[in-house]
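This report describes one protein chain for a reader who is new to structures. Look at the sequence and the model first, then read on.

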Amino acid sequence: MDSSTRRRATRQKLYEAAVTLIAEQGFSATTVDEIAERAGVAKGTVYYNFASKTVLFEELLRHGVGLLTASLRTAAEETAARGSSRVDALDAMIRAGLLFIDRYPAFTQLYVAELWRTNRAWQDTLLVVRQEAVAVVEEVLREAVETGELSPEVDIPLTAAALVGMVLVAALDWQSFQRERSIDEVHGALSLLLQGRVSGRGAGLGPSCA
């Protein structure tokens, strides 16, 4: 294993340790000593990789949201490669988001909690990475409007944010209070909302909602 691979592996262990501890007890209560101990490394290793606990957390946010953004983009690209519609791509992105949250529940809890704080040193970073994730959804929505799949009256930035928010909140509720449900059930419920079939009229986000 070369040095860059070892460093990536070490950083991954530190990310996992930090996100779990901070989700359990909060940022202020979590110490570098605890992060090092949970990761199974020396305290100096933390400072070798990150200048401070704050920098570690900021990079953790970049890393985690980057993984989410990549999973959303892959879902959209794979759907497009099959020749499916943009609405199908949005549906695939919902499932990709649920799979991500199911795999990284502690990070998701942390991310959602931090979105509502305004006094953090990493606030600007959080806003940037959040927009990167939302922008992937915006791109698909914009294509859907341009091809006539969706109404030109769709507010693309707000709708993209709403879709991402819907997945985050519904998934956290599933993780916390409805664990007996399968991911297929949760995806199915959110898919109905996307397709606009909850009312039974099949309006959706499509041209008929114009």
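In what order do the elements of the chain run from the N terminus on? They run α-α-α-α-α-α-α-α-α. The model is predicted. The chain holds nine helices and zero strands.

## The chain as a whole

The C-alpha trace spans about 60 × 35 × 35 Å along its principal axes. The chain has 210 residues, and 41% of them count as buried. Among contacts with a separation of 6 or more, 65% come from residues 24 or more positions apart.

## Helix α1

Helix α1 covers residues 3-25. Its 23 residues should span 33 Å at 1.5 Å a residue, and its end C-alpha atoms are 33 Å apart, so the two values agree. The buried residues of α1 are Thr10, Leu14, Tyr15, Ala17, Ala18, Val19, Leu21 and Ile22. These buried residues pack against α2 (32-39), α3 (43-49), α4 and α6. After α1 comes glycine 26, which has a positive phi, near 90°.

Aspartate 33 lies in helix α2.

| Pair | Angle | Distance between axes |
|---|---|---|
| α4 and α7 | about 5° | 9 Å |
| α5 and α6 | about 105° | 5 Å |

Which residues of α5 meet α6? Phe100, Ile101, Asp102 and Arg103 in α5 meet Pro105, Phe107 and Thr108 in α6. The contact of α5 with α6 divides into four nonpolar, one polar and two charged residues.

Helix α6 also has other neighbours. Its buried residues are Phe107, Thr108, Leu110, Tyr111, Val112 and Glu114. They pack against α1, α4, α5, α7 and α8.

## Threonine 79 in α4

Threonine 79 is a residue of helix α4. Threonine 79 has a relative accessible area of 1%, so it is buried; the cut-off for buried is under 20%. Leaving aside residues up to four places away in sequence, threonine 79 touches Ser84, Ser85, Asp88, Ala89 and Ala92.

## Helix α8

Helix α8 spans residues 156-177 and has 22 residues. From its first C-alpha to its last it reaches 31 Å, close to the 32 Å expected at 1.5 Å a residue. The buried residues of α8 are Ile156, Thr159, Ala160, Leu163, Val164, Val167, Leu168, Ala171, Leu172, Trp174 and Gln175. What covers them includes α5 (86-103), α6 (105-115), α7 (123-146) and α9 (183-195).

Aspartate 155 makes a contact at the start of this helix. One of its side-chain oxygens comes to within 3.1 Å of the backbone nitrogen of leucine 158. What does the side chain of threonine 159 reach? The side chain of threonine 159 reaches the backbone oxygen of aspartate 155 at 2.7 Å. Threonine 159 lies in α8, and with a relative accessible area of 15% it is buried.

Technical notes
Residues are numbered from 1 along each chain as its sequence is written. This is a predicted model: local features need pLDDT of at least 70, side-chain atom pairs count only at pLDDT 80 or more; totals for chains, interfaces and linings use all residues. Side-chain values use heavy atoms; hydrogens and water are left out. Helices (H or I, at least four residues) and strands (E, at least two) are DSSP runs, numbered from the N terminus. The expected span of a helix is 1.5 Å times one less than its number of residues. Buried means under 20% relative accessible area, exposed over 50%, partly exposed in between (1.4 Å probe, protein chains only). Contact means heavy atoms within 4.5 Å. A polar contact is a pair of N or O atoms within 3.5 Å; within protein, one must be able to donate a hydrogen and the other to accept it, and residues adjacent in sequence count only if both atoms are side-chain atoms. Axes are lines fitted to C-alpha atoms, for helices over the stretch in contact, and angles run from 0 to 180 degrees between N-to-C directions. Ala, Val, Leu, Ile, Met, Phe, Trp, Tyr, Cys and Pro count as nonpolar, Asp, Glu, Lys and Arg as charged, and the others, Gly among them, as polar.
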